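Subject: Model for you to look at

Hello,

Here is the structure I promised to send over. Please open it alongside this message, and then read on.

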Amino acid sequence: MQDLTDEELMERYVAGESQAFAELFARYAPRLGALFRRALPAWVDVQDLVQQTFLQVHRARRDYQPGRPLRPWVITIALNLRRKHYRVVSRATAELVTDPAESGERGRKQLERAEREEALHQALAKLRPNQREVLELHWFEGLPFAQVAEVTGASLSAVKVRAHRAYKALRGLLEPEA
Amino acid sequence: MSDATCCDRTAAALRAGRRPAPSDCPGCQALVAARPPLPEPAELDVQAAFAGLEAALAQEGWRGRLRAWPTWARLAAVLGALALVGLANALFAPRPDLGGFPLGRLLGILALLGAGAWAAARGGLWPLQRPALDPRWALGLVLLGLAIPLALALGPQAPATHAACTPPAAMFSQKAFGCLIYGCLCAVPALGLGVIFARGPLSLLDGLLLAAAGALCGQVGLQLHCPITDGTHQLAGHVPVPVLLGGVVCVVLGVLGRRR
């Protein structure tokens, strides 16, 4: 099962193999969790959205066209759910969970990293929603521009323009922090 | 010795619900003691999330099987409901002047209503794996549910070829109210199927799109059943159908939204 591609797993799931669905979930849940965590403050909401995303994947499985890339398909569902049901709130990133023994230099570095990440996410929240979305998909999710265009429904050129403006705006917002 | 900067950071972390970095500063320790942060996992608990998902899947039931139909099949079912309403009216409750009604006009009106219902249902059942529908387009489709019956009421009317086409003025309110109720009843199959086939929680816009599809299905029933050719009657009895359905959908979704 682990040697199969995402698309092969999805085709097997559509054919009725429930184990393929579990494997897909194990592969995608952490990435989806990171995607939602950037916008939502509470892990309970993140977990709920991850479950909702896969519930929709299950319901929409007969709409899946064999051979098409699965990742943009799943991410589109995730982004639509996020847009549909939750307000995007800029909050700090993952919790700074520190070992009490890690005070001193290591704890200080962890705190500085958390502060830089918080500054990044506050800057992201100030971007226009369509720019922020393109940036999240391209930078954080690592999707090529063509797949970003497929997920957002915009043309390839529009996506590239939004990405350029988003990076430029982000640089302007973060430079005073540096 | 206290450091104002570290206490500010600790206070900010506590306000944001994060666990602050450990500190020897008495001020920071006092802040933590006064408001201990809640422990949070550093990452998603995948096993717990999957267990929750399996529980949700186990509850899907008969509606889950319908929701899993491909999108083209769900749309076809809603349009099938419209066709059934039309057929039922044509066979069992046809307008008395059907024999003398211009066939081309009737078919054109039914085609227009069918196309409008298809477009609205497509918007209401828009699949989540596709980029979101532009809200302006969606609103346009909702308004189509009102615009078509309005155009039919305000446009040139077919000639009255039967006594039932021109009822006495004293019966205006009774006839208009009767058509309003009849139109809403004819809307129920398409609207109901749309709600059943919807895959996720309905947003207000989704609900209004399905209401528009249902309302146009109701108009099919009215066009095949009601012989009254007076535009004023249609304004009073046919046009309010999408308004009433839209209002009911808003109220129901509002109540359900508050319960969540």
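Below is what I found, starting with confidence and then going through the two chains.

**Confidence**

This is a predicted model. It scores ipTM 0.77 and pTM 0.77. Chain A has a mean pLDDT of 80, with 79% of its residues at 70 or more. Chain B averages 89, and 92% of its residues score at least 70.

**Chain A overall**

Chain A has 8 helices and 0 strands. Of its 178 residues, 39% count as buried. Take the contacts in chain A between residues at least 6 apart in sequence: 60% of them join residues at least 24 apart.

Start with helix α7 (residues 145–152) of chain A. Of its 8 residues, 6 are buried, so this helix is largely enclosed by the rest of the structure. The buried ones in α7(A) are Gln147(A), Val148(A), Ala149(A), Glu150(A), Val151(A) and Thr152(A). Just after α7(A) comes Gly153(A), with a positive phi of about 80 degrees.

Next, Ala29(A). You will find it in helix α2 (residues 18–37) of chain A. Is Ala29(A) buried or exposed? Ala29(A) counts as buried, because it has 22 C-beta neighbours inside 10 Å, and the cut-off for buried is 20 or more. Leaving out residues up to four places away in sequence, Ala29(A) touches Val50(A) in chain A. It also touches Leu44(B), Val46(B) and Ala49(B) in chain B.

Then Arg62(A). This residue lies in the loop between α3 (43–59) and α4 (70–85) of chain A. Arg62(A) has 12 other C-beta atoms within 10 Å, so it is exposed; the cut-off for exposed is 12 or fewer. What does Arg62(A) contact, leaving aside its neighbours within four places in sequence? The partners are Val14(A), Ala68(B), Trp69(B) and Pro70(B). The C-alpha atoms of Arg62(A) and Gly172(A) are separated by 45 Å, and the two residues are 110 apart along the chain.

Helix α5 (residues 71–92) of chain B packs on helix α6 (residues 103–124) of chain B at about 150 degrees, with the axes 10 Å apart. The two are therefore roughly antiparallel. Their crossing is right-handed. α5(B) contributes Leu75(B), Val78(B), Leu79(B), Leu82(B) and Gly86(B) to the contact. α6(B) contributes Leu110(B), Gly114(B), Ala117(B), Trp118(B), Ala121(B) and Arg122(B). By class, that contact has 8 nonpolar, 2 polar and 1 charged residues.

α5 and α8. α5(B) also packs against α8(B), at about 170 degrees and with the axes 8 Å apart. This pair is therefore roughly antiparallel too. From α5(B), the contact residues are Arg74(B), Ala77(B), Val78(B), Ala81(B), Leu82(B), Leu84(B) and Val85(B). From α8(B), they are Cys186(B), Pro189(B), Ala190(B), Leu193(B), Gly194(B) and Phe197(B). The classes here are 11 nonpolar, 1 polar and 1 charged.

α8 and α9. The axes of helix α8 (residues 172–197) of chain B and helix α9 (residues 204–225) of chain B come within 7 Å and cross at roughly 135 degrees. That angle makes α8(B) oblique to α9(B). The crossing is right-handed. Residues of α8(B) in this contact include Cys179(B), Tyr182(B), Cys184(B) and Leu191(B). Those of α9(B) include Leu210(B), Cys217(B), Gln219(B) and His225(B). By class, the contact of α8(B) with α9(B) has 16 nonpolar, 7 polar and no charged residues.

Best wishes

Key. Residues numbered from 1 in each chain as written. Chains lettered and ligands numbered in written order. Predicted model: local features only at pLDDT ≥ 70, side-chain atom pairs only at ≥ 80, totals over all residues. Helix = DSSP H or I, 4+ residues; strand = E, 2+ residues; numbered from the N terminus. Contact = placed C-beta atoms within 7 Å. Axes fitted to C-alpha atoms, helices over the stretch in contact; angles between N-to-C directions. Parallel < 35°, antiparallel > 145°, perpendicular 65-115°, else oblique. Left-handed = near helix turned anticlockwise from the far one by under 90°. Nonpolar A, V, L, I, M, F, W, Y, C, P; charged D, E, K, R; others polar. pLDDT = per-residue confidence, 0-100.
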